[in-house]
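User: Please examine the structure shown here and discuss its metal site and one of its strands.

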Amino acid sequence: MNWISNYVRPKINSLFSRREMPENLWTKCPECGTMLFHREVADNLNVCTNCDHHMAITPRERFEALFDLGAFTEVKVPEPIADPLHFRDQKKYPDRMKSAQKSTGEKEAMLVVEGEVGKTQIVAVGQDFSFMGGSMGMYVGNAILAAAQRAIDLHCPMVLFSAAGGARMQEGILSLMQMPRSTVAVQMLKDAGLPYVVVLTHPTTGGVTASYAMLGDVQIAEPNSLICFAGPRVIEQTIRETLPEGFQRAEYLLDHGMLDRVTHRKKLREELIVILRMMMRLPPPIWGELPPPGPAPSEATPPTDQPAAE
Ligand SMILES: [Zn+2]
């Protein structure tokens, strides 16, 4: 025991823990570096109020702001086998899953819900990048199949919000098998004559871009999202050439015919209502008669499984 462990270390610790508090209240925009008050960011759907940069948003927050009065019901997804390969890197796969579940408060990387958007019934699927990079494993495949089946039962469109780093390597070939499986799910919707709309968000990469995320009847993307199979750094190193500015970003892909629309997050609800009603041959929306969307995430009640602020 000496003054270093008794006096200096607690002092240092208190300095660091004191710094944690403002981090919860303030978010730094990764694009322009502006410090934004958390409430202001949440009210603006996690879009920077200074430079319009679209920051990550969880599927739950997105759905609360998308559905009429913020009301939606979860669609049950069949559970796949846990850890089929007994995979282990620095950590065991089940341990990685547990820590992801704890940090996000979600069960897996995909959330399937049903509800009404502008009085139009839809099934919505949201991929959660904060859950192990939104990686596509067996659960994600099950989720897409369950969502497509539910949309067919309800005879309504399916809207998918993608965000992924690709396949989940901890499930090996089983994760790659979700590419044909999800393609079959999309085909089921097409056979039933139901619209499938994809909203690509930052980033959508890897096997996800090589399957369900690119099969929409309408392909919408959020501004400046990175959408690619292999990332720009990998391509640059392989072909040893400097890539053009904005390469593989939403606007670049729109210019080159890969997308139909690039839509600001705040205009997305309105645009989806128009597109979905048109595709379902419903009369055009009368804006004054539509129920309002749900409250912005900051005003919504926090999910019960998350502990309240201490
Ligand atoms: Zn910004």
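The questions and answers below treat the metal site and then the strand pairing.

Analyst: This is a predicted model, in which local features need pLDDT of at least 70, side-chain atom pairs count only at pLDDT 80 or more, and totals for chains, interfaces and linings use all residues. Residues are numbered from 1 along each chain as its sequence is written, and side-chain values use heavy atoms, with hydrogens and water left out.

User: Which residues coordinate the zinc ion?

Analyst: Donors are N, O and S atoms within 2.8 Å of the metal (3.2 Å for Na, K and Ca); water is not among the atoms, so sites may look incomplete. Along the chain, the donors of the zinc ion are spaced as C-x2-C-x15-C-x2-C. At 2.2 to 2.3 Å, the zinc ion is held through the SG atoms of C29, C32, C48 and C51.

User: Is strand β7 largely enclosed or open, and how many of its residues are buried?

Analyst: Helices (H or I, at least four residues) and strands (E, at least two) are DSSP runs, numbered from the N terminus; buried means under 20% relative accessible area (1.4 Å probe, protein chains only). Strand β7 covers residues 196-204 and is largely enclosed by the rest of the structure, because its buried residues number 8 of the 9.

User: How many bridges join β7 to strand β8?

Analyst: Two strands pair if DSSP finds at least two bridges between them. V198 stands opposite Q219 in β8. Strands β7 and β8 (residues 218-221) run parallel, and the bridges joining them number 4.

Notes: Buried < 20%, exposed > 50% of the residue type's maximum accessible area, 1.4 Å probe, protein only.
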